[in-house]
Protein chains: 4
Amino acid sequence: MKTGIVNVTGYAGVELARILHRHPEADLVSVTGRSAAGQRLGDVFPHLDDVELAIEPEIGASVDVVFSALPQVASAEACVPFVRSGVKVIDISADFRLHDPAVYRDWYGADHPAPDLLEMSVYGLTELDREGVAGAALVANPGCYPTGALLALAPAAKAGLITERVIVDAKSGVSGAGRGLSLTTHFSEVNENVFAYGVDGHRHLPEITQELRRLRPGYEPEVIFIPHLIPMTRGILDSVYADFADGAFASPEQAKAEVQALYRDFYQDDPFVRVVGASPQTKQTWGNNHCLVYPTVDQRTGRLMVFAALDNLVKGAAGQAVQNMNLMFGLPEEAGLEQLALYP
Amino acid sequence: MKTGIVNVTGYAGVELARILHRHPEADLVSVTGRSAAGQRLGDVFPHLDDVELAIEPEIGASVDVVFSALPQVASAEACVPFVRSGVKVIDISADFRLHDPAVYRDWYGADHPAPDLLEMSVYGLTELDREGVAGAALVANPGCYPTGALLALAPAAKAGLITERVIVDAKSGVSGAGRGLSLTTHFSEVNENVFAYGVDGHRHLPEITQELRRLRPGYEPEVIFIPHLIPMTRGILDSVYADFADGAFASPEQAKAEVQALYRDFYQDDPFVRVVGASPQTKQTWGNNHCLVYPTVDQRTGRLMVFAALDNLVKGAAGQAVQNMNLMFGLPEEAGLEQLALYP
Amino acid sequence: MKTGIVNVTGYAGVELARILHRHPEADLVSVTGRSAAGQRLGDVFPHLDDVELAIEPEIGASVDVVFSALPQVASAEACVPFVRSGVKVIDISADFRLHDPAVYRDWYGADHPAPDLLEMSVYGLTELDREGVAGAALVANPGCYPTGALLALAPAAKAGLITERVIVDAKSGVSGAGRGLSLTTHFSEVNENVFAYGVDGHRHLPEITQELRRLRPGYEPEVIFIPHLIPMTRGILDSVYADFADGAFASPEQAKAEVQALYRDFYQDDPFVRVVGASPQTKQTWGNNHCLVYPTVDQRTGRLMVFAALDNLVKGAAGQAVQNMNLMFGLPEEAGLEQLALYP
Amino acid sequence: MKTGIVNVTGYAGVELARILHRHPEADLVSVTGRSAAGQRLGDVFPHLDDVELAIEPEIGASVDVVFSALPQVASAEACVPFVRSGVKVIDISADFRLHDPAVYRDWYGADHPAPDLLEMSVYGLTELDREGVAGAALVANPGCYPTGALLALAPAAKAGLITERVIVDAKSGVSGAGRGLSLTTHFSEVNENVFAYGVDGHRHLPEITQELRRLRPGYEPEVIFIPHLIPMTRGILDSVYADFADGAFASPEQAKAEVQALYRDFYQDDPFVRVVGASPQTKQTWGNNHCLVYPTVDQRTGRLMVFAALDNLVKGAAGQAVQNMNLMFGLPEEAGLEQLALYP
């Protein structure tokens with residue numbers, strides 16, 4: 001199986017290269033990058049020194065699947081020709097996640113370059129749509145924050161247990177902001193610092209809402225989503241708070257027990273989602289494709305709380321993309337993704 | 001004015017020493033510490049090399065005010081004799097914060113050693129009870145998390161704008177956990193990591209609830225308080241979410257404007273609380289006594305969000321203690337606390 | 001092939017478990033640990049949740065090779081019975097590194113528990129003694145600092161190019177200090193801090209000297225070795241400075257070119273030592289078994305400078321131990337160690 | 001006394017503003033900055049919210065002294081008119097540090113814009129030329145690395161104790177690289193990383209050499225200076241290694257005792273240089289103007305080692321600039337600089 005990466009030079013791109021290089025069934029045959037075209041991949045990224053590829057201006061070989069790690073808008077434009085020519089595409093950017101072109105325009109400030117493809121694209125949060133992904137020609141790989149938030153909420157939302165009022169308070173390492181330079185990712189500004197950003201509306205919000213809505217007909221969630229930047233490189237923790245629908249449970253004790261059973265049941269066949277019995281730590285997922293989910297119920301107020309931890313560049317980006325590729329090509333879901341987390 | 005510090009060897013204690021050493025009106029004349037008794041303060045803590053004091057087993061000089069930075073229970077026991085002998089006491093520990101001995105027992109697992117003093121102690125969140133503090137013989141200095149959470153909620157709660165349902169999602173640097181050793185504060189465990197802790201109930205919760213209740217007769221808040229540990233040394237960010245009472249505002253736009261005006265008005269005479277117009281960063285308070293508060297209203301869901309940033313060792317501990325001392329002795333509130341934050 | 005780990009609960013121990021679990025030829029069948037005996041490994045270390053083993057008080061199965069990750073002295077005591085009964089042993093501790101019992105006593109303050117084994121133990125810096133390791137019954141796995149320092153110095157020392165005056169200025173992440181608690185590894189003490197330690201003599205010094213001496217008969221190096229602790233979890237950078245012997249080179253230009261050629265030649269068949277053309281970064285080795293070596297010559301003073309970067313827990317401990325195991329059992333040297341570094 | 005800052009918007013500039021705002025004798029009356037001209041200083045830098053100044057395109061008020069925090073070349077151009085018009089100037093940039101225009105051109109790749117001023121400028125390492133600074137019209141504030149390196153070497157060099165062979169291995173936090181964006185200061189690249197840079201020659205080297213030479217007629221040092229970037233915001237540690245001249249001491253024991261006495265004596269009247277008795281930590285100087293110097297002698301090799309720790313933005317930049325200003329205007333040397341270090 002031949003694979004290519006469009007825009008290998010961002011953090012999601014190099015992470016894809018790292019994973020694909022060691023994938024037992026996939027061959028990485030072509031990588032592109034504008035700024036570094038012509039250079040050896042291992043010269044630009046010494047940790048990829050074993051990957052014998054030059055960075056090209058365009059995908060230069062015949063491939064079975066293309067991953068695009070371009071920024072939005074540019075990514076859609078790069079993906080379209082591949083989709084139209086029958087090459088499978090997994091888009092790491094946000095371009096094919098929102099199915100409504102009007103919503104896309106609202107949040108990204110541009111008309112979608114290929115609105116017809118929005119209908120056929122599959123939102124690739126693997127655990128929530130394994131069949132859709134397996135049959136997809138174009139997968140929209142989810143955002144890093146929505147991956148955790150949706151895995152944290154899906155069992156409860158699907159079961160109709162919670163009201164529409166949901167709060168997602170997320171904490172992220174800095175690599176999620178990419179390799180592009182900005183004062184917000186300048187070391188001396190971020191180190192020893194924490195702050196909320198995107199307080200007036202972050203682009204991952206409509207994704208969360210759209211996918212929650214799909215989980216249960218008639219569910220119209222009203223989500224507050226507030227991301228925070230914290231001084232670490234990798235990792236996202238989504239802390240999710242929701243109210244149970246009236247009468248969902250007789251008592252907080254019962255709620256806690258039943259919710260935990262529901263979650264374990266929901267994810268019992270998912271190799272990468274672990275329902276854990278204690279507050280998860282992002283370090284427990286460093287470099288691997290797991291999402292650790294801890295559902296619990298506040299015994300004083302009877303409200304649902306779920307904590308989800310993952311590595312934003314793996315399950316939140318490149319790892320999930322490879323997981324999706326595995327499904328699309330009938331490979332074992334875990335192929336190339338068996339690596340344990342690095343600790344400490 | 002002569003001051004003493006009981007248990008100078010923790011982080012709150014050395015921070016008190018740092019501030020008092022440069023205070024224009026206060027003399028630091030005695031410091032105690034069990035493990036290091038007999039040593040020169042500057043030998044144990046080189047940054048305090050200019051402070052010419054030896055660490056004593058007991059406060060060895062006549063003092064006008066004693067700060068206790070002992071852990072709970074031990075702190076109450078150390079404070080009682082000073083209070084009974086007429087020396088003013090500012091207790092940094094939690095021992096005199098909860099006025100109900102039964103609640104104290106529930107959360108601290110011990111009977112309060114001096115329940116009679118609980119009635120006379122004043123909860124020293126300066127801005128919310130300046131008169132009480134000024135007249136107090138015994139001040140219970142607030143916890144670091146409650147300081148931010150209460151300053152974030154007070155104007156709205158006092159005005160009766162919000163319902164009882166409140167969520168405080170807090171992020172803290174590691175120094176709040178003190179200088180005592182534990183795996184949770186071991187560098188390799190905390191670095192590149194984030195997680196929620198105290199999920200089943202953190203001791204700062206009853207403080208928050210008690211003080212919110214005092215702000216408005218009949219207000220019975222049901223608070224979820226979840227602290228998170230993040231890889232930095234100093235700083236707390238409290239992200240607070242609450243629902244407005246029915247009919248509080250005609251629209252989210254109006255709510256935002258009125259809430260911001262309300263907060264500015266509420267804190268207009270407070271030198272250390274700044275109502276800011278953008279998401280505050282803990283780095284903006286590094287080493288000084290400010291609390292930056294940013295109230296806003298989510299325009300999609302119409303819910304209140306407030307972000308409060310402070311230095312947990314200054315406004316969240318030693319700085320607020322000195323601010324309280326200033327009031328108790330009729331000094332300018334800012335004396336010894338004028339230092340700007342260190343940036344970057 | 002069956003493997004066991006004595007004292008799995010330290011950082012080197014869990015890193016061994018992580019690597020061995022994914023090793024294509026080795027089975028991890030038994031792990032021990034005093035404090036956590038009886039618990040499931042994955043309950044104590046969630047990142048090892050896939051490893052189905054309980055922590056035992058003693059190695060409880062028949063094994064072909066035992067890794068000991070105990071502290072010194074205790075480690076020797078644990079290793080001896082295995083060695084005597086014919087089980088191959090790889091000792092991560094310092095106990096079998098120094099061949100002279102008197103030197104051992106000087107540096108470790110204890111008589112060696114099995115001085116007869118010191119003669120048969122092989123110092124397992126793989127690249128410098130591949131044959132010795134392959135035939136060894138007992139391998140003394142090198143310290144993290146010496147691994148980098150010796151790889152940085154070996155080609156020049158062996159070729160007789162340098163005088164006895166050598167300086168090794170090393171910078172290490174905190175995980176090298178282990179999982180045991182101490183003020184020196186307390187987050188708030190180490191974060192935003194750097195300092196030299198072991199200034200009067202660090203235990204890795206005699207290792208460096210002993211092995212340099214073995215490289216060339218008659219070479220009597222006088223090494224200054226100063227480690228520094230820096231605020232990161234993994235990674236060591238050894239910055240090495242040495243003087244060329246008189247007449248070694250005609251000019252600094254020539255010296256630089258010839259030294260770089262010498263190093264490339266020296267390590268040309270070593271899969272894990274990369275002679276690089278620019279200053280290496282420890283991040284380029286995060287989680288993998290590489291040591292990046294950059295030799296150069298200061299053009300103003302004509303002195304040799306070599307920079308060596310590695311992950312102290314992999315090439316500096318568990319990875320090199322597995323590399324040694326591979327040689328001892330005739331496996332491909334890279335088996336189980338092919339993982340690329342994680343970046344960023 | 002009226003002061004102005006040219007280019008307040010870099011890290012050295014804002015640090016100057018922070019210190020001058022609280023200086024008992026100096027008034028900060030004008031600050032400039034190209035990118036932010038027209039904005040309120042406190043709006044751009046919230047920690048300076050108390051400073052009531054707008055950022056101007058040019059110094060807009062009559063001032064007694066100007067600090068320039070511009071990059072090199074631009075700084076000289078900005079300073080010249082002030083010097084010529086009789087305003088005292090303290091240049092934080094490198095422009096007036098090297099007295100030889102040819103050396104300046106070699107290292108900065110540009111002709112010096114005002115070579116005549118190089119003769120009158122005084123290298124402002126306060127402790128080494130207090131008289132020169134006091135009488136200066138133009139002070140060249142030293143670089144952050146040379147400040148530590150020179151304070152570490154001065155007593156030994158001046159006394160003629162050491163040979164010309166000197167190694168300075170320096171470790172620096174990231175703020176020394178300024179507020180300008182680059183991949184080298186991008187959070188995800190620097191965090192969990194350490195590496196040497198400027199290996200082929202760093203611009204602080206000729207400063208170190210020039211000033212060492214001035215300490216003792218005939219001394220011609222051959223210095224290797226290698227800086228390393230480490231993941232912290234503030235702080236520099238210079239680790240210095242040198243050889244004693246033949247016959248300087250009878251034994252290493254004697255050398256250690258005499259050297260420490262010599263250093264204590266040398267700096268006995270210097271309020272900001274502390275000769276300490278153990279390896280200093282940069283955290284012990286966080287935010288204050290101290291340089292901690294620890295001289296010792298390796299007892300195995302008999303070589304001199306000195307460790308010097310300081311805050312690169314205070315004693316390494318803005319603090320030393322204010323210290324120099326104090327001398328130039330006959331103020332107490334410590335005015336405005338009494339703040340203790342922040343710990344932890």
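In this predicted model, chain D is superposed on chain C by a rotation of 180° with 0.0 Å of shift along its axis, and the RMSD of that superposition is 0.0 Å. The two copies are thus related as by a two-fold rotation axis. In chain D, the C-alpha that lies nearest this axis belongs to D:P231, at 3.2 Å from it. The surface involved is the same for both copies, since 100% of the contact residues of chain D recur in chain C.

**Chain D with chain C**

- The contact between these chains draws 49 residues from chain D and 49 residues from chain C, and the area buried between them is about 4300 Å², with carbon and sulfur atoms giving 55% of that area.
- Six salt bridges are counted between chain D and chain C; for instance, C:D169 forms a salt bridge with D:K171, in which the closest N and O atoms are 2.9 Å apart.
- Between chain D and chain C there are also 36 residue pairs in polar contact, counted where both residues have pLDDT 80 or more.
- On the side of chain D that touches chain C, at least two residues each come from strand 8 (162–172), helix 8 (187–190), strand 9 (195–196), strand 10 (222–229), strand 11 (236–244), strand 13 (291–297) and strand 14 (304–310) of chain D.
- Sorted by class, that side of chain D consists of 23 nonpolar, twelve polar and 14 charged residues.

**Chain A with chain B**

- Chain A is laid on chain B by a turn of 180° and a shift of 0.0 Å along the axis, with an RMSD of 0.0 Å, and the C-alpha of chain A nearest to that axis is the one of A:P231, 3.1 Å away from it.
- Because 100% of the interface residues of chain A are also interface residues in chain B, the copies meet through the same surface.
- In this pairing, 49 residues of chain A are in contact with 49 residues of chain B, and about 4300 Å² is buried between the two chains, of which carbon and sulfur atoms give 55%.
- The salt bridges between chain A and chain B number six, and among them is the one that A:R165 forms with B:D243, where the closest N and O atoms are 3.4 Å apart.
- Across the interface of chain A and chain B, 36 residue pairs are in polar contact, both residues of each pair being at pLDDT 80 or more.
- Elements of chain A that contribute two or more residues to the side touching chain B include strand 8 (162–172), strand 10 (222–229) and strand 11 (236–244), together with helix 8 (187–190).
- The residues on that side of chain A divide into 23 nonpolar, twelve polar and 14 charged.

- B:E15 is located in helix 1 (residues 11–21) of chain B, and B:E15 counts as buried because its relative accessibility is 0%, where buried stands for under 20% relative accessible area.
- The side chain of B:E15 is joined to the side chain of B:R234 by a polar contact of 2.9 Å.
- Leaving aside residues up to four places away in sequence, B:E15 touches B:R234, B:L313, B:V314 and B:A318 in chain B, as well as D:Y343 from chain D.

Technical notes
Residues are numbered from 1 along each chain as its sequence is written. Chains are lettered from A and ligands numbered from 1 in the order in which they are written. This is a predicted model: local features need pLDDT of at least 70, side-chain atom pairs count only at pLDDT 80 or more; totals for chains, interfaces and linings use all residues. Side-chain values use heavy atoms; hydrogens and water are left out. Copies are superposed by least squares on the C-alpha atoms of residues with pLDDT of at least 70 in both. Contact means heavy atoms within 4.5 Å. Buried area is the accessible area (1.4 Å probe) that two parts lose on being put together, summed over both. A salt bridge is a side-chain nitrogen of Lys or Arg within 4 Å of a carboxyl oxygen of Asp or Glu. A polar contact is a pair of N or O atoms within 3.5 Å; within protein, one must be able to donate a hydrogen and the other to accept it, and residues adjacent in sequence count only if both atoms are side-chain atoms. Helices (H or I, at least four residues) and strands (E, at least two) are DSSP runs, numbered from the N terminus. Ala, Val, Leu, Ile, Met, Phe, Trp, Tyr, Cys and Pro count as nonpolar, Asp, Glu, Lys and Arg as charged, and the others, Gly among them, as polar. Buried means under 20% relative accessible area, exposed over 50%, partly exposed in between (1.4 Å probe, protein chains only).
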